[in-house]
Amino acid sequence: MYKISGFLLLIFAVHCSALGQKIVPGPDDLYSDAMEYMLSGDYHEALYPLLELESRGFHSAGLCYKLGECFLNVPGQKLRALPYLKNAVQSISNQYQGNTLDEPVAPPKALLYLGIAFRLNADFKNALIYLNQYRDHLAATDIDNIHLADYHIERCNNAM
């Protein structure tokens, strides 16, 4: 009788100690969570795992691009997008995939986002520089993005 009770007590103690432990998500889990939030348009929630990754020492151009995109889409946080997007545009490539945490490059769209961030922060001169760089990266057949760039360029010119 005492052997069974002792065994049950041991099982209970092990179970209770396991419940008290926190499971810390790994970097790939955090990145995956952030991408799910971004795909659903919840940029505010996507910031938490992305900022956690940054605090753990991840600083790739791809991660900076994602952080900049999030800050640009969260009300009242537009100014915080600038340093991330400035970092991201240092490594622009059409080879950007966006599906790994360690992405060493950012897509040309980072130029658009940086231009928009500058425009929203009333720095129209810098906004025009990056918006025109983005436009220069576009193929002549990419009509929708050409129109988007032109729209933001026109808004800068009107504001000045």
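Helix H7 passes helix H8 in a left-handed crossing. A crossing is left-handed if the near helix is turned anticlockwise from the far one by less than a right angle, and right-handed if clockwise. The model is predicted, so local features need pLDDT of at least 70 and side-chain atom pairs count only at pLDDT 80 or more, while totals for chains, interfaces and linings use all residues. Residues are numbered from 1 along each chain as its sequence is written, and side-chain values use heavy atoms, with hydrogens and water left out.

Two packed helices are described by the angle between their axes and the distance between the axes. H7 covers residues 124-137 and H8 covers residues 143-159. They pack at an angle of about 160°, and their axes are 10 Å apart. Axes here are lines fitted to C-alpha atoms, for helices over the stretch in contact, and angles run from 0 to 180 degrees between N-to-C directions. The angle of about 160° makes H7 roughly antiparallel to H8. Angles over 145 degrees count as roughly antiparallel, under 35 as roughly parallel, 65 to 115 as roughly perpendicular and the rest as oblique.

On the H7 side, the meeting residues are Phe124, Ala127, Leu128, Leu131, Asn132, Tyr134 and Arg135. On the H8 side they are Asn145, Ile146, Ala149, Asp150, His152, Ile153, Cys156, Asn157 and Ala159. Contact means heavy atoms within 4.5 Å. By class, this contact has ten nonpolar, four polar and two charged residues. Ala, Val, Leu, Ile, Met, Phe, Trp, Tyr, Cys and Pro count as nonpolar, Asp, Glu, Lys and Arg as charged, and the others, Gly among them, as polar.

The protein as a whole has eight helices and zero strands. From the N terminus on, its elements run α-α-α-α-α-α-α-α. Helices (H or I, at least four residues) and strands (E, at least two) are DSSP runs, numbered from the N terminus. Of the 160 residues, 39% count as buried. Buried means under 20% relative accessible area, exposed over 50%, and partly exposed in between (1.4 Å probe, protein chains only). Among contacts with a separation of 6 or more, 51% join residues 24 or more positions apart.

The crossing of H4 and H5 is left-handed. H4 contributes Ala61, Cys64, Tyr65, Leu67, Gly68, Glu69, Phe71, Leu72 and Asn73 to the contact. H5 contributes Lys78, Arg80, Ala81, Tyr84, Leu85, Asn87 and Ala88. These residues divide into ten nonpolar, three polar and three charged.

Asn87 lies in helix H5. Asn87 is partly exposed, with a relative accessible area of 36%. The C-alpha atoms of Asn87 and Tyr65 are separated by 8.0 Å, although the two are 22 residues apart along the chain.

A pair of aromatic rings is described by the distance of the centres and the angle of the planes. The structure holds four aromatic pairs. In one of them, the rings of Tyr65 and Tyr113 have their centres 5.8 Å apart and their planes at 10°, so the pair is stacked. Rings of Phe, Tyr and Trp (its six-membered ring) pair if their centres lie within 6.5 Å; planes under 30 degrees apart count as stacked, over 60 as edge-to-face and the rest as tilted. Tyr65 is in helix H4 and Tyr113 in helix H6 (residues 109-120), 48 residues apart, and the pair links distant parts of the chain. Tyr65 is buried at 6% relative accessible area. Tyr113 also counts as buried, at 15%.

Phe71 and Tyr84 form another stacked pair, 5.6 Å centre to centre with 20° between the planes. Phe71 lies in H4 and Tyr84 in H5, so this pair ties together parts that are 13 residues apart in sequence. Both Phe71 and Tyr84 are buried. Ring pairs also link Tyr65, Tyr96 and Tyr113 into a cluster.

His137 lies in helix H7. His137 is partly exposed, with a relative accessible area of 41%. Not counting residues up to four places away in sequence, His137 touches Ile92, Pro108 and Leu111. His137 and Pro108 are 29 residues apart in sequence, yet 6.8 Å apart in space, C-alpha to C-alpha.

Most residues other than glycine have a negative phi. Ala122 has a positive phi, near 60°. Ala122 sits in the loop between H6 and H7. Ala122 counts as exposed, at 52% relative accessibility.
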